[in-house]
Amino acid sequence: MTRQVRLLLFFVAVSVRFVFAQVSYSIPEEMAIGSLVGNIAQDLGLDIQRLKAGKARIYTGENTQYIELDKERRLLVIKERIDREALCGQTTPCALDFQIILENPMQFYSITVEITDINDNAPVFKNTEMKFDISEIAQIGSKFVLEKAVDDDVGVNGLQGYSLSISDILILNPYKIGSNRNLEMVLKKPLDREKQDRVMLVLMALDGGNPQLSGTIQIVVNVLDANDNAPVCHQTDFKANIKENSLKETVLTTVSASDADEGPHGHIQYSISNFPKGAVGLFDIDKDTGEVRLIGKLDYEKFRHYEIDVQASDQGGNKDVCKVIINVLDTNDNRPAINIMSQSSTISENVEPGTVLSMINVQDPDSAENGKVTCDLDDHVNFKIKSTSNNFFSLVTDSKLDRETASQYNITVTCSDEGVPSLSSTVTLTLQISDVNDNPPIFDKSSYDAYIVENNTPGLSIFTVKATDADWNQNARVSYILEDSSVNGVPVSSYVSVSADSGVIHAVRSFDYEQIKDFQFLVKAQDGGSPPLSSNVTVKILIQDQNDNPPQVLYPVQTGGSVVAEMVPRSADVGYLVTKVVAVDVDSGQNAWLSYKLQKSTDRALFEVGLQNGEIRTIRQVTDKDAVKQRLTVIVEDNGQPSRSATVIVNVAVADSFPEVLSEFTDFRHDKEYNENLTFYLVLALAVVSFLFITCLVVIISVKIYRWRQSRILYHSSLPVIPYYPPRYSDTMGTGTLPHVYNYEVCRTTDSTKSDCKFGTASAQNVLIMDPSSTGTMQRLQHKKSILDEPDSPLEVRTTETKGNG
């Protein structure tokens, strides 16, 4: 027996010790009960005393326990017979996942045991005999589809090949295991019913195990007269998608075939010739119309894909096989199952945040989004639930507890999947709080996240922080103070203010998501006692994006004069990658989620565009009749409301050589003239840009010198100083990110220089209209805006502070 062990350890320090480790083993199937899997104590570095004192046990949830823990020998051993085929079918790799849980302190370890295949299944045919009625006028090279064998083993132990008994009339067409081709028998020489009216053959299927196993089926060929046309399926593959909760008698698809013969020899009947594993009793076909119907109950969790061979036969014995591919779509039909692995019923009120109260395992057998589970708590600011690993959650304390506020908590945990509609389950945990003596002001959360949409109005109420004090009267009177800090070198008081009485946080300025996405600061709650007690809380302001930027196409680059084309050989098959449209959006979130659509195309039947990745691929075989010059127009849209878009032209050349492309796309005389003109325009543009840059630099320096001299004159004069507030701009088309400007009065006391702001109406408003594609101009304006936000001189800073203190 070959056993592989992989050990992966993670350690996380909390108030109650919590250890996560993962060990992997590999064993063959069909091992005897009691066989050794691995020395788990040695692999995890645990001794026998720890296993016994910690009441070590294996947790498998609702799954069958195939492996048990021998605590005396510190070994994992086989408890139940393991049949890999019954456990996993054709799925590889096949593994058992379970956990080992220890207590005092609480620990758990994830164990993965990979089950490897042994050659315990021979290839098997569904029937013992296949009969073929073949006309004596059948053409040499005619193909006859044979029944495939099924081997439940996988890999080298699975089905590896076929052999046909020696015959000078019929031979086996070469067949590659794993392909979608049919297993076929080919006519080698003409049939003559008068000489031989029956041919007997034996088809053998072989696997690759050691020793090698095989299965056989008898082939009986009856030679018939005068039916020289076989049915032909209109399509090789018929595809159907069906939800697992579909009702019986639902029509999946209709198989169609035609026969050039007339009369009885041209009448086609349909039948299912090969049922894959798990499909028996689920599907049926109307023998006359070819309608494939659902007659059983589908279960996505058991089988997700079926490939059924439908045989089209005429009354003369000729046949063709059409493949019906059925994909089962998952529906959210399973609720999450919540299992409490361990729970603490009593806890002291002075425990540190992050203390583990309970360990929860949640299982949902659905797949994809329907099987993704998230757990939330109902109305509990003192606790939170964290995901420790896949489908394992820990209930932990999130802030300081106060028994004077609540001596008991009924914590309701709701676990929901992400299906549509979502299914959920709940469980309620009761927690008793033991008392200690502490009564400073307490915030209802250990930290706050507040959201505000960019381009907001100054003075807007963003969020409210709240603290309570279990004391009474003056000692319980709580005041809120904004702690001194800076954001990007600027005092936080220039961004937000907090009301001393209510704890309401106001925006002092208008925010721009493209300049600042988030910032955080501290708010102190202080009571009126002597000496006063206080506590701080972190508030994080997250600026939310507006869809004010359209997508920008990075590739292919749209040139003005020359034609750039992607070349596709005429030998290109279905799915050939032609090129990829690459675009970005400077917005974020769903405003930056891009989708690609084919708006126009020379031949819509030849190309398609990936909705999410922008890949342009062929959707059919390229032929010689396809035009060399193909022009595609792709539109790129973001997911904002309203959405913004950009278009890109993609030229495609369908050709096998460059001369053929050049003859279609290029005019050499035009290129020469274009290149000469391009050089002239580049030189001219460089000269203009250099002149404009030098002019702007001189103007900026002159303005700075003039304003500095003015500030010096005001500083030495006795005239009253009026602060200067630079104007701001707002884009009326919804594409800009610069906010309105508002004048405001600062009402301050000697103790709260950053507490209260009174906002007035806008004193001026200017409109900047620009082309949405001119992103460079917008970036320069945003840079100038950040410069204008700074004080122009030391005199202006001093003047503003003097006004606030007065």
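Predicted model: local features only at pLDDT ≥ 70, side-chain atom pairs only at ≥ 80, totals over all residues.
Aspartate 309 and lysine 323 are both buried. Side chains of opposite charge can pair when their charged atoms come close. In the whole structure, a search finds 21 salt bridges.

Another of these pairs joins glutamate 249 to arginine 293, whose closest N and O atoms are 3.3 Å apart.

## A partly exposed pair and a network

Lysine 597 and glutamate 637 also form a salt bridge, and here the closest N and O atoms are 3.6 Å apart. This pair again links distant parts of the chain, with lysine 597 in strand 48 (residues 594-601) and glutamate 637 in strand 51 (residues 629-638), 40 residues apart. Lysine 597 is partly exposed, at a relative accessible area of 41%. Glutamate 637 is partly exposed as well, at 22%.

Salt bridges can also be linked to one another: Glu30, Arg81 and Asp83 are connected in a network of them.

## Nonpolar cores

The largest nonpolar core contains 28 residues. Those with the most contacts inside this core are Tyr480, Val496, Phe519, Phe521, Val523, Val539 and Ile541. At least two core residues come from each of strand 34 (447-453), strand 37 (479-482), strand 40 (496-498), strand 41 (504-507), strand 42 (518-526) and strand 43 (534-544). A second, separate core has 27 residues, including Ala41, Ala56, Ile58 and Val113.

Leaving aside residues up to four places away in sequence, valine 523 touches Phe443, Val465, Tyr480, Ile481, Leu482, Val498, Ser535, Asn536, Val537 and Val539.

## Aromatic pairs

The count of aromatic pairs comes to 14. In one of them, the rings of phenylalanine 443 and tyrosine 448 have centres 6.4 Å apart and planes at 75°, so the pair is edge-to-face. Both phenylalanine 443 and tyrosine 448 are buried.

Phenylalanine 443 also pairs with tyrosine 480; their ring centres are 6.4 Å apart and their planes stand at 55°, so this pair is tilted. Phenylalanine 443 is in strand 33 (residues 442-443) and tyrosine 480 is in strand 37, which places the partners in distant parts of the chain, 37 residues apart. Phenylalanine 443 counts as buried at 7% relative accessibility, and tyrosine 480 does so at 2%. Ring pairs link Phe443, Tyr448, Phe463 and Tyr480 into a cluster.

## A nonpolar surface patch

On the surface, Phe680, Tyr681, Leu684, Val688, Phe691 and Leu692 form a nonpolar patch. Together these residues have about 660 Å² of accessible area. Phenylalanine 680, one of the patch residues, is found in helix 6 (residues 668-715). With a relative accessible area of 54%, phenylalanine 680 is exposed.

Terms used:
Residues numbered from 1 in each chain as written. Heavy atoms only, no water. Core = buried A, V, L, I, M, F, W, Y, C linked by side-chain atoms within 4.5 Å. Buried < 20%, exposed > 50% of the residue type's maximum accessible area, 1.4 Å probe, protein only. Helix = DSSP H or I, 4+ residues; strand = E, 2+ residues; numbered from the N terminus. Contact = heavy atoms within 4.5 Å. Salt bridge = Lys/Arg side-chain N within 4 Å of Asp/Glu carboxyl O. Patch = residues over 30% accessible without salt bridge, like charges linked within 9 Å, V, L, I, M, F, W, Y side chains within 5 Å. Areas by Shrake-Rupley, 256 points an atom, 1.4 Å probe, with all protein chains shown as cover. Phe/Tyr/Trp six-rings, centres within 6.5 Å; stacked < 30°, edge-to-face > 60°.
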